[in-house]
Amino acid sequence: MKLKYLYIWLIGLLAIGCFDDDTTVDTVRISEVAIDTNSLQKEYNRDKNQTLVIDITSYVTQKEKDLPLTFQWDMDYKFYSDSSVLYVDCQELGTFPMRVKVSNEHSSAFYEFKLHINSPYEEGIAVLSESNDGTGMLSFMRQMADGTLGSFETRCLSTNNPGVVFPKSPTDMSKRLSQLFISYKDDPSIYMVNAKTLELENVVTATEFSDFVPVAMMMPDNTARTAIALSENGKVYNLASMEGLILSHTALRSTYSLVHHGYFGAYNPAYYLWDADLHTICYYNTVNDCSQFGAIWDEDHEVVAIFENEKGSSFTVLTRKNGEIWKTSLGNYIYLQDPDTYQYVGIDYRDVQRVITNPVLEKENPKVASPSYQCLFYAQGNKIYRWYYSSTSFPTESWATIDDIPNAEITTMAISPDESQVYVGAYRSDESGENGYVYIYDTRTGRLINSYKNVAYKPIKIMYKVK
């Protein structure tokens with residue numbers, strides 16, 4: 001019996017030994033995708049109208065073998081492109097989260113970053129100019145984050161408004177909060193462009209007023225909803241800057257000289273206009289109707305300049321009578337007030353005196369005041385003069401002269417917000433094309449800080465545009 005069971009056991013062993021195990025274990029090797037994010041930036045900065053280009057393939061590796069790759073770029077959490085190379089035409093300002101997903105049939109890798117699209121027109125020097133045929137141009141030089149100035153970009157309006165034809169004969173430029181206002185004589189109008197993008201937002205016309213030809217704007221850079229638009233014929237219109245409308249002015253109804261001054265303090269703006277019919281100053285502060293300044297000047301006086309004198313306190317009127325210049329300085333709010341009764345008791349005279357002039361100062365001469373340095377800068381031809389308010393005679397020697405280009409003529413002047421620099425726009429009438437120049441001088445010393453050649457046409461208005 002035992003032999004029987006032993007025999008069965010041996011047969012079983014022989015049967016097991018007759019089977020061959022032909023199975024093998026095949027190890028699948030994964031080709032893992034990786035992106036070298038250490039060689040890429042976490043944030044990119046580009047200006048409007050620039051392009052961001054990233055070829056991600058230069059930073060992608062696969063661990064085992066190269067397999068076909070697919071790409072997915074997302075911008076602001078939305079699908080943007082499936083190309084291996086990212087191209088972003090930077091037009092919309094802002095900060096945008098970006099991500100790329102790179103995949104093969106085995107795995108995926110991700111890279112995330114931020115794209116900042118900035119305004120190249122945020123803050124800096126703006127120049128409005130006019131060519132020989134009246135074509136207007138806006139040039140801009142940006143102030144960088146470290147305080148230095150970049151280089152001028154020309155044709156800023158046409159660059160940012162493809163297909164838009166702007167009128168000819170620009171006359172003035174002013175800023176109010178987020179918008180720049182540019183006035184034109186040809187096809188009389190005021191164009192409102194975004195102050196950061198320079199893209200056109202509105203066009204203000206007044207076809208119902210046949211004599212509306214805007215040549216100057218008195219506009220505070222604050223929340224005031226109205227401004228003054230001076231027409232070529234001396235008529236004043238009300239510019240509703242929020243609504244983009246031109247209206248008849250209910251308070252300023254006389255004929256006014258284009259020589260004017262605005263004081264935009266912490267409260268209501270104050271406007272000082274020379275009434276050409278009454279030969280006096282009209283003081284208007286938007287709360288009260290126009291207050292005539294009395295018979296201080298007789299009919300033989302012609303206004304030459306109106307400008308701020310003592311900062312935040314007084315202004316000065318220069319008039320010419322029989323070839324002589326007279327200086328009259330008055331308080332910013334014109335009238336003296338009794339501290340007990342709060343009644344107006346007289347005119348706030350600060351100073352009246354005759355000023356000897358050589359050369360003679362003309363109202364057409366470009367000029368800009370510096371209340372901090374108590375002086376008036378003015379130009380004739382290629383020469384700049386500086387007159388201190390305390391002096392009873394104008395200077396005979398120039399403060400600075402443009403002598404690096406022949407036949408230069410200064411056409412406009414401005415001063416920096418901190419009054420440390422004087423901006424001068426000049427051109428050559430015998431030169432074609434971009435014949436405009438910009439010079440920057442140190443207000444205190446007269447030292448030439450920098451000059452920029454052929455960056456505009458004939459400069460009409462130069463200004464420092466703040467944020």
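Lys-321 and Asp-298 join their side chains in a salt bridge, with N and O 2.8 Å apart (a side-chain nitrogen of Lys or Arg within 4 Å of a carboxyl oxygen of Asp or Glu). Lys-321 sits in strand 26 (residues 314-321) and Asp-298 in the loop between strand 24 (291-292) and strand 25 (302-308), so the pair ties together parts 23 residues apart in sequence. Strands (E, at least two residues) and helices (H or I, at least four) are DSSP runs, numbered from the N terminus. This is a predicted model, in which local features need pLDDT of at least 70 and side-chain atom pairs count only at pLDDT 80 or more. Side-chain values use heavy atoms, without hydrogens and water.

**Other pairs**
- Arg-155 and Glu-434 form a salt bridge at 2.2 Å, N to O.
- This pair links distant parts of the chain, 279 residues apart: Arg-155 is in the loop between strand 12 (149-153) and helix 2 (156-160), and Glu-434 in the loop between strand 34 (421-428) and strand 35 (436-442).
- Lys-453 pairs with Asp-404 in a salt bridge whose closest N and O atoms are 3.0 Å apart.

**Accessibility**
- Lys-321 is partly exposed at 23% relative accessibility (between buried, under 20%, and exposed, over 50%, with a 1.4 Å probe and protein chains only).
- Asp-298 is partly exposed too, at 32%.
- Arg-155 is partly exposed at 37%, and Glu-434 is partly exposed at 22%.
- Lys-453 is partly exposed at 35%, and Asp-404 is partly exposed at 39%.

**Network and total**
- Glu-302, Arg-320, Glu-362 and Lys-363 belong to one network, joined by salt bridges that share partners.
- The count of salt bridges comes to 22.

How values were computed:
Residues numbered from 1 in each chain as written.
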